[in-house]
Each structure stands twice: as C-alpha cells, then as structure tokens.
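Dear colleague,

Here is the structure we spoke of handing over. My notes on it follow below.

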Amino acid sequence: MVFNREMDACSFLNEGIDVCSSSNAREWDSVEQMPLDGKTISEWLSELDAIAKEVEAELVSRDIGCHLVEVLQAVNLVLFELRGFKRSPVLVDSKHSYLHLVLSSGCGSAILLSIIYIEVCRRLGLTIVGSRVGEDFLIWPQTTYPEELFKVTSGHSLFAVVNGRCVEDPRSMASDLTGSSLLGLEIASNRDIVGIALANLIRFHWKCASRSNLGLMLTSPLRHAHNADEKPNKIDKPNVPLLRPQDLK
C-alpha cells in the first residue's frame with residue numbers, strides 16, 4: 001500500500017497536481033476497531049438512529065399519526081431541510097459514495113442517499129423498496145395506493161421529493177413512471193443495492209486511475225508494451241504504470 005501511494009503521488013505530479021504523500025498506515029485487528037473519521041462503524045450507524053429519532057420528534061411535535069404521506073413528509077423535512085442532505089448529480093468525488101462521509105458532509109450520490117432513506121424509514125417501521133430505472137435508482141414505500149405518491153402538492157409529487165430531480169426530468173426514464181407502472185418494477189434486494197453502489201465506485205475509481213491515459217478499458221494492459229526496435233522514452237518505461245495503482249486497487 002505504501003508503494004502504491006508513492007506511485008499515485010508520481011502519477012499526480014505527472015498530471016501537474018501538487019499532493020503530499022503520506023505513508024502512515026495502521027493495521028487493525030478487526031473492521032469494527034478501525035475508526036472512520038474519528039468514529040467506529042457502530043457509532044456511524046447510530047447516526048441513522050439519531051435521524052430516525054428526529055423524525056419521531058417531528059411527528060410528535062405536529063401531532064401527526066402514522067399516515068404514510070405524513071411520515072414521508074417528516075422524513076423529507078428532517079433529511080433534506082433540517083439536516084440539509086443533498087444529492088450529487090454527478091459523481092465527482094469518491095467521498096460521496098461512502099456512508100460515513102455522506103452522513104458527515106450531507107452530500108452524497110443518489111444511491112447512498114437512497115440507502116440512508118431506506119435505513120431511516122426501517123427504524124420507523126416503514127418498509128422502503130427500490131429498483132433501477134434506466135440510469136437511476138428509485139425508492140418508494142410499499143403501499144397498496146401508489147397513486148398517492150404521484151399527487152402533486154406545492155409543485156412536486158412526494159415521489160419526486162423522495163427521489164430527486166430525475167423524476168421530473170423528461171430525459172429520464174423515471175419521468176414516465178405512474179402509480180400503475182411502479183407496481184411492475186422488479187424490487188432490488190439488499191445484495192442488488194450493494195452491487196449498484198460498488199459498480200458506481202468501480203467506474204469512478206477506474207476513471208481516476210486512467211486519468212492520465214484517457215480511453216483505457218478494463219481489458220487494456222496495465223503497462224506500456226514496446227517494440228524491440230524502438231527506444232522507449234522516459235515516460236514510457238516498462239516500470240511506469242498506465243494507471244494509478246491505489247485507485248486501481
């Protein structure tokens with residue numbers, strides 16, 4: 001890992017990016033012991049408990065019962081207004097794809113915010129399901145009356161508030177959904193959701209790893225190949241990788 005960090009630093013310098021290389025890595029006996037931005041995994045998961053309690057407090061303060069629409073409105077209020085969570089329309093930073101960093105910064109990819117939404121609602125006893133629709137991952141509560149989600153109030157439907165602008169973008173397949181077509185979508189399992197999140201990270205890190213050699217594919221060689229009759233230049237030495245090793249890893 002230390003070698004990979006040093007090689008990454010060389011890649012950054014070759015690309016004209018000024019960075020400092022750090023080799024202070026500590027080994028941990030278990031994942032649970034490993035701190036992530038000063039907290040353990042259990043402590044970060046307790047943040048989801050805290051958000052759910054804020055939603056419960058909001059419901060009590062407004063004397064709201066357990067009506068589906070009102071509970072979702074309270075979740076939206078706490079997440080997107082009081083806590084200020086925002087979706088990053090384009091993945092430009094890997095920190096938007098890690099749960100603890102999204103909980104800390106309030107800015108995350110659509111799939112990570114969907115996961116947070118699902119987990120908060122699960123703590124409130126409300127089951128949220130999801131499915132991939134085109135390039136988007138959409139979530140909604142299991143209900144026998146999905147039409148309620150598409151009723152427009154204050155300029156937006158509840159389905160749009162839950163899933164973001166893609167639902168109202170005519171270029172997105174999500175904009176064509178209705179209460180009836182929603183019932184026909186294939187529900188994603190937890191494994192499917194994790195797979196989507198990991199696939200997004202793979203694409204992001206591949207893009208970063210190949211930044212200095214745009215156009216490389218996953219099937220491309222990892223180092224330059226040279227003709228025996230040609231004299232390789234300094235940049236194209238066999239020991240100079242085409243990709244940033246740490247991003248590739």
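**A charge over a ring**

Lys-39 sits over the face of Trp-44, 4.6 Å from the ring centre. A charge counts as over a ring if NZ of Lys or CZ of Arg is within 6 Å of the ring centre and within 35 degrees of the ring normal.

**Basis**

This is a predicted model, in which local features need pLDDT of at least 70 and side-chain atom pairs count only at pLDDT 80 or more, while totals for chains, interfaces and linings use all residues. Residues are numbered from 1 along each chain as its sequence is written, and side-chain values use heavy atoms, with hydrogens and water left out.

**Overall**

The protein has 9 helices and 6 strands, taken as DSSP runs numbered from the N terminus (helices H or I, at least four residues; strands E, at least two). Of its 249 residues, 37% are buried; buried means under 20% relative accessible area, exposed over 50%, and partly exposed in between (1.4 Å probe, protein chains only). The accessible surface of the protein is about 15,400 Å², and carbon and sulfur atoms hold 55% of that. These areas come from the Shrake-Rupley method with a 1.4 Å probe, and for residues only the protein chains shown count as cover. Among contacts (heavy atoms within 4.5 Å) with a separation of 6 or more, 53% are between residues 24 or more positions apart.

**Aromatic pairs**

There are 2 aromatic pairs in the structure. One of them is Phe-80 with Tyr-117: the ring centres are 6.4 Å apart and the planes are at 25 degrees, so the pair is stacked. Phe-80 belongs to helix 3 (residues 68-82) and Tyr-117 to helix 5 (residues 110-123), so the pair ties together parts that are 37 residues apart in sequence. Phe-80 is partly exposed at 21% relative accessible area, whereas Tyr-117 is buried at 1%. The criterion for a pair is that rings of Phe, Tyr and Trp (its six-membered ring) have centres within 6.5 Å; planes under 30 degrees apart count as stacked, over 60 as edge-to-face and the rest as tilted.

**Glu-58**

Glu-58 is in helix 2 (residues 41-61) and is buried, with a relative accessible area of 16%. Beyond its neighbours within four places in sequence, Glu-58 is in contact with Ala-74, Leu-77, Val-78 and Leu-82.

**Cysteines**

The structure has 0 disulfides, a disulfide being a pair of cysteine sulfur atoms within 2.5 Å. Cys-121 is buried, with a relative accessible area of 0%, and Cys-107 is partly exposed, at 23%.

Regards
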